[in-house]
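Please open the model in a viewer and keep the selection panel at hand.

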Amino acid sequence: MADKITLEVARYSPEHDGERRFDRYEVPLHENWMVLDALNYIKDHIDGSVTFRWSCRMGICGSCGMLVNGYERLTCEALLADYLPGPIRVEPLKNFPVVRDLVVDISDFMGKLERVKPWIIRQPGAVEPQREFLQTPEQLETYKQYSFCINCMLCYSACPVYGLDPHFIGPAASALALRYSTDSRDQGSEERLDVMAQNEGVWDCTVIGECSVVCPKHVDPSLAIQEYKISATKAWFRNLLMPWGGK
Amino acid sequence: MEVTAHDILLIGGGGAGLRAAIAIAEANPRLDIAMVSKVYPMRSHTVSAEGGAAAVIAPNDSLDEHAYDTISGSDWLADQDAVEIFVNTVTQEMLRLEHWGCPWSRQPDGQIAVRPFGGMKKERTWFAADKTGFHMLHSLFQTSLKYGEIKRYDETFATKLLVDDGAVQGVVAIELSSGKIRAITAKAVILCTGGCGRVFPFTTNANICTGDGMALAYWAGAPLKDMEMMQYHPTGLPQTGILITEGSRGEGGWLVNKDGYRYLQDYDLGKPTPTPVLRSMELGPRDRLSQAFVQEMEKGRTLKGPYGDYVHLDLRHLGEKKIDEKLPMVRELCLNYSNIDPVHQMIPVRPVVHYMMGGVSTNVNGETPLKGLYAAGETACVSMNGANRLGSNSLGELLVFGARAGAHAAQYVTGAPEPSARLLAQAADEEKRINREYLNRTSGGERVAVIREEMQHAMESAAGIYRTRKTLEEGAVKLAELKQRFMAVALDDHSRTFNTQLTSVLELAGMLEIAETIVHSAIAREESRGAHQRIDFPKRDDQKFLAHSLAYGNAQGVPRIEFAPVTITRWPPGERVYGR
């Protein structure tokens with residue numbers, strides 16, 4: 001195995017020329033090193049101004065999503081040796097404004113997450129159990145995969161619809177909406193359906209599912225969006241056929 | 001400078017901070033709450049907790065047994081009033097989290113499932129497979145979004161507490177995206193910034209675990225309690241230090257040496273049995289298991305690898321179905337980071353720095369000795385963990401004491417004075433200092449990463465699993481040298497936009513202080529207790545040291561160490577017995 005590999009890192013700073021460029025850095029290639037380890041090597045030993053987010057380095061905090069050779073990856077899970085002989089091109093995620101170098105502005109998502117009401121909604125007068133809500137393993141299974149979303153934003157970067165229409169609520173927020181709406185403890189699915197129905201993008205989403213392909217935690221947001229289309233269509237027909245609120 | 005004012009300010013948006021914020025909003029919806037976090041809250045290190053959270057719920061369990069396990073686990077250094085409050089409240093807190101949507105693993109009939117954990121005499125650890133911290137953090141964060149009154153300053157780094165007339169009244173903080181330095185005032189500040197594992201070279205802790213809140217409190221004059229009590233978790237992956245949960249031993253995993261021998265039987269931890277026995281062998285406490293590893297290494301019975309000695313964690317006999325159901329993340333982590341499939345291969349593991357039992361000294365309401373300053377979670381030392389925390393007690397702790405700190409602060413601010421106008425001069429001075437010492441300084445010659453690495457290695461040599469006066473004093477000398485050299489640190493990056501080298505250097509300034517409190521507290525404690533093992537003082541000494549160390553900042557350099565008595569309520573100090 002080679003003992004060195006080259007990274008081409010996208011650089012951008014609004015304070016300077018505002019132009020994007022690529023800087024090349026040669027780093028040692030250790031066994032089991034990830035692209036994130038290489039970035040940290042660069043920051044610690046070569047150029048302390050290279051800017052990126054990271055924290056847990058074990059694929060759970062969701063900070064270190066970037067494009068590696070054009071594909072969305074958590075850089076803490078992208079093995080350097082898989083990219084031999086290099087060079088490896090590292091860029092910020094697509095479809096977000098770039099703050100600096102590899103850091104993107106995700107405040108749009110933070111707003112969308114709040115809009116889908118990602119919390120347990122109980123209707124007034126609902127009876128709350130003294131102890132836990134009983135929830136069988138089968139009931140847990142219905143929403144479990146959606147609960148694995150780490151908000152890493154790879155799906156928004158890969159989403160062709162979000163790229164064209166920033167109003168689209170997007171894959172992760174849709175998955176999290178369904179995560180709560182299919183939880184046996186929740187009574188808020190109609191409220192969330194209203195939020196989802198407000199955004200046109202849902203109807204533009206095809207079943208190609210780039211979002212589900214890039215998800216590092218095996219969530220299937222594409223399926224969530226298709227489920228919404230079915231629910232919304234059913235609700236529409238129900239209102240058409242029974243305008244006085246038949247259930 | 002931009003100045004904003006709130007009633008209560010949370011520093012840190014992990015489990016403790018979010019729980020405290022919700023408690024405040026529920027106690028008094030009229031209060032103006034703000035949360036300053038250097039990362040988006042859902043990135044906080046609570047996310048990495050794996051195995052579970054202990055709370056009595058099984059019919060055969062009792063609060064007294066949870067209390068006794070915790071106190072004996074702490075080697076009698078825990079304050080027993082804090083432990084009693086903890087065990088009495090944690091079940092209710094966990095149920096609340098269940099009502100907020102946390103996807104706890106269940107029994108077939110839909111009730112909460114519990115698993116065995118180290119040092120616990122009963123099965124009482126609730127779990128969400130092996131992503132418990134992740135699910136708790138996201139449940140808390142997503143639930144917090146319901147409370148519009150919680151204003152967030154995401155990706156904002158607090159550099160200094162503002163103190164007027166002995167009362168803490170806000171912080172100075174840098175907004176990372178713009179580099180803007182802000183003064184954020186409040187009538188009370190709650191520190192919830194997590195642990196400080198990054199003071200050491202080999203840790204399970206995330207990059208962000210740099211003890212920021214401990215340093216802020218210490219600089220403002222609050223004491224740090226029991227800082228010599230750093231927990232080593234017995235099972236981390238070599239090279240990366242990534243945690244392999246104790247839940248894997250709870251489910252029946254074995255620790256074996258190079259001969260395939262379950263070596264814990266040689267260290268007064270019981271006899272091996274095919275299925276796990278509570279408070280025995282692999283389900284012993286973390287301090288004893290990590291110490292057994294070192295002794296096994298000294299006998300030449302560990303394996304040698306490129307990243308140090310290791311032993312094996314064997315899960316193969318659990319089978320693929322159980323591993324995938326109960327420990328899916330362990331399998332994923334082993335495959336991704338060590339190229340090992342635990343279904344077919346043994347996992348190489350070694351002890352790794354994991355959890356700071358010490359921290360900002362607080363009472364059971366989260367109050368520090370400084371008026372208006374609170375702390376909760378790993379940042380704080382209540383103390384319910386004493387000299388050794390039991391696995392699965394920290395997630396419950398952040399709920400119980402996060403909520404208590406929040407509720408108490410909500411009461412305190414009702415009669416507290418408005419922040420003083422004098423704070424603005426302090427804030428302006430802090431801005432000038434940051435510019436002068438870091439952003440505008442171009443020469444000096446010392447690199448952040450070099451000093452950080454030297455500090456980390458000094459700490460491992462000085463204050464590892466076993467310590468002596470000699471190793472600790474050498475560490476103290478090295479730290480003094482590093483603090484001197486730190487004065488000449490210069491950044492490569494002078495940008496205002498998302499300057500992560502600036503946050504690194506500010507973190508390092510705090511870590512150097514924290515490292516000193518660890519070393520000097522360890523020098524002062526001339527006994528062996530829990531995680532603090534002095535080769536030169538191998539016995540526990542209740543006559544002299546049934547007491548908490550308190551490290552105070554000192555303008556003369558090294559911290560001043562005092563001792564304060566432990567609170568004993570119903571459990572007089574006794575022998576810690578495991579496996580017999």
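How far apart do the C-alpha centres of domain 1 of chain B and domain 2 of chain B lie? They lie 31 Å apart. To see both, select residues 234-353 for domain 1 and 423-545 for domain 2 of chain B, bounds that come from an automatic or database domain assignment.

This is a predicted model, in which local features need pLDDT of at least 70, side-chain atom pairs count only at pLDDT 80 or more, and totals for chains, interfaces and linings use all residues. Residues are numbered from 1 along each chain as its sequence is written, while chains are lettered from A and ligands numbered from 1 in the order in which they are written.

Five residues from domain 1 of chain B and five residues from domain 2 of chain B take part. On the domain 1 side, helix α7 (residues 286-298) of chain B contributes the largest share, four residues. Helices here are DSSP runs of H or I of at least four residues, and strands are runs of E of at least two, numbered from the N terminus.

Now turn to the open sheet of chain B, where five strands follow the order β20-β18-β12-β23-β24 with mixed pairing; strands pair if DSSP finds at least two bridges between them. Select β20 (380-381) and β24 (560-565) of chain B: each has a single partner strand, so one side of each is left without a neighbour in the sheet. Strand β18 (residues 359-361) of chain B pairs with β20(B) in the parallel sense over two bridges. Finally, select V360(B), whose bridge partner in β20(B) is A380(B).

Conventions:
Contact = placed C-beta atoms within 7 Å.
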